[in-house]
Amino acid sequence: MIKYRPDIDGLRTIAVGGVVLFHAFPWLLSGGFVGVDVFFVLSGYLITSIIFGEAQRGDFSIARFYERRFRRILPALVLVALATTVAAIVILSPSELDDYGKSLFGVATFTANFVFWWDTGYFASEALDRPLLHTWSLAVEEQFYILWPLIVPMLARRKSARPLRAFVVATVIVSLLLSIVGLQLYPEATFYMLPTRAWELGLGAMLAVRAIPAIRTAMVRETAAILGLLLILVPMVMYSEAMPFPGLAALPPCLGAVLIIHAGDKSSTLAGRALSVGPVLYVGLISYSLYLWHWPWLVLPRIALGRPLTAIETIAAVGMAFVLAILSTKFVEARFRGRGAWPVSRAKVLGASAGIAGVLAVAGMTLVKTDGLRAISGPAVQVADRANDAFNPRRPNCHMERTPASNGTLGHADKCIAGRPDAVTGYDVLLWGDSHADHLMPGLASMAKEGNFEIRQTTASGCSPILRFIAYIPKLAPCTASYQNALEEAARQADIDTVVVSSSWSAVLASLTATTANNDPELAERQFADGLRYIVRWIHSEIPKARIVFVGSTPDYDLSLPKCFARAAKVGFGDSACAAREPNDHIWGPKADKILATMRDNGVTVVLPRSAFCKGDICKTRQDGHILYYDDDHLSIDGSKIVARPIMAAIRS
């Protein structure tokens, strides 16, 4: 055991408070997510201190280490996982329950960070529907402590601590470099994976093995502690989801935690005493349970209601999480921590831990293998849930995802051309753009058969062709290469006469406005119009005689429409809020359409499908019983057919 320090529990309060406030009110504390990084430093310091101290005394036991870890981590985690699973089965649609099963398996096996890396980015909109998303950080810690208890004792038993200190410092340096480089190449993996996060735990470990010189004067200690608080609190206020993270951006809050811990090592500081005040200290004591409970309480009620929580509802959800954290700390954590009030042998603890983890893993895989218990869902739930899969069947072969490895390669023509061949070899129409072009392909393919022409899909995800004009961004280079390759291939077709261009224009215009000085909408609109004219020139430089059909934006929403209908059918709240609602882009969509309409000359036709969906600011998402979207902003096959009709008329004209 190491000496108890109340200031460390106070530091836990800052960490968990930042995370909870960020999740509950992101506009209030936009960088509160750095609280997780503070937790990593604390964990690295405390656990390494225990391992290092025991190893130097010669009484370290790997079995005892894992007994302590399981007693500390598992009881509250299992309780939250069980309660969340029951609520998930009641509330979530089959496809969501399938995803939930994967995350539950990840929790049971401490691989949740891998699950969410494969599934969604931490700041992505779909992450808001993952009740166990926050468990990724526990997985990182536990993976760290698979190897750490093997390496540290081995080096700590040597006569000199220098090899251990050198190893810890080297771990920090290598991991930090990986984080910096990885952020440019693979940002999602860098956020979730241990190799790019180990340096944060390693900073705490550096303190534990005394790889950082001691602070010898009171004035320096006081200054270091105050600076440490600032290095944590300022990023919590100034950072946002848009900031590339972790990388160097994670360094200030991590160094802040190091300074506070280090400054209070020999004697208390003013900042340390402030962190040790009763209410601050108490929140730190329940911080683990509060961290576990808060996220499911923010996610599941919002899913059940089918809308964002109001401020009062959010406060109530956080309040419920706080009450449950108090109860689970007192009646669950305290009963198992150490030898606790319920003494159980080490063998039984380890065996029970493995058994409970196995049960949770089996439960998770059962949800996956049964497609989220789809067979026992009601007919209306199943119909709505199937719309999640109603995307373009050619997408896997013909839509390029933006990765460095893609290199602008086009899908094979045999799989990406639809329609009825005519007497001339080659296709007649090129479909060109981002994912908002991809979702048009099912409708255009069916029209192509009727219209006796062939259409070729060449679409690329994650960037609009307009961005080639706005700025050169290295990570968008594969998309630009794909667009150029598509035009060059089309130019070689004997009968090519039309290029259909579609993109998420409303998102492009909103992004341009946000990046202009002082959010200047007029400048952004001029850039947008110039970009559209650039696209026309770009296409005509490769295919001089091509007619160009610009397709305007379709409404995009703040939630997945199939999931909204499925949840409503399952919970029984009614689906009127799903069938007609105000889209996210009710301002930017019409603005983008207005600018697109000015392009109607010089062989350019403009189709604005928004009018088929919207009356004023309210837009329909279902027609004749068919759900028109397969997620929050992409058309289903049925929705694609609606938009294809006016595009077909433009092609024929």
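View 1. Two strands count as paired if DSSP finds at least two bridges between them. Strands here are DSSP runs of E with at least two residues, and helices are runs of H or I with at least four, both numbered from the N terminus. The open sheet has three strands in the order 7-10-9, with antiparallel pairing. Strand 7 (580–581) and strand 9 (614–615) are its edge strands, each pairing on one side only.

A word on reading these views: residues are numbered from 1 along each chain as its sequence is written, and side-chain values use heavy atoms, with hydrogens and water left out. As this is a predicted model, local features need pLDDT of at least 70 and side-chain atom pairs count only at pLDDT 80 or more, while totals for chains, interfaces and linings use all residues.

**View 2. Helix 17 packs with helix 26**. The axes of helix 17 (residues 379–386) and helix 26 (residues 561–571) lie 8 Å apart, at an angle of about 170 degrees. Axes are lines fitted to C-alpha atoms, for helices over the stretch in contact, and angles run from 0 to 180 degrees between N-to-C directions. The two helices, helix 17 and helix 26, are therefore roughly antiparallel, a term for angles over 145 degrees. Helix 17 makes the contact (heavy atoms within 4.5 Å) through Ala380, Val381, Ala384 and Asp385, and helix 26 through Pro562, Phe565, Ala566, Ala569 and Lys570. By class, the contact has seven nonpolar, no polar and two charged residues. Ala, Val, Leu, Ile, Met, Phe, Trp, Tyr, Cys and Pro count as nonpolar, Asp, Glu, Lys and Arg as charged, and the others, Gly among them, as polar.

**View 3. The largest cavity has a volume of about 40 Å³**. On a 1 Å grid over the protein atoms alone, a cavity is a set of points where a 1.4 Å probe fits but cannot get out, and lining residues have an atom within 4 Å of a point. Grid points are joined across faces, edges and corners, and a volume is the space filled by probe spheres set on the points. Leu74, Leu77, Val78, Val107, Ala108, Ile356, Ala357 and Leu360 line the largest cavity. By class, this lining has eight nonpolar, no polar and no charged residues.

Technical notes
Angles under 35 degrees count as roughly parallel, over 145 as roughly antiparallel, 65 to 115 as roughly perpendicular and the rest as oblique. On a 1 Å grid over the protein atoms alone, a cavity is a set of points where a 1.4 Å probe fits but cannot get out, and a pocket is an open set with protein on both sides within 12 Å along at least five of seven lines; lining residues have an atom within 4 Å of a point.
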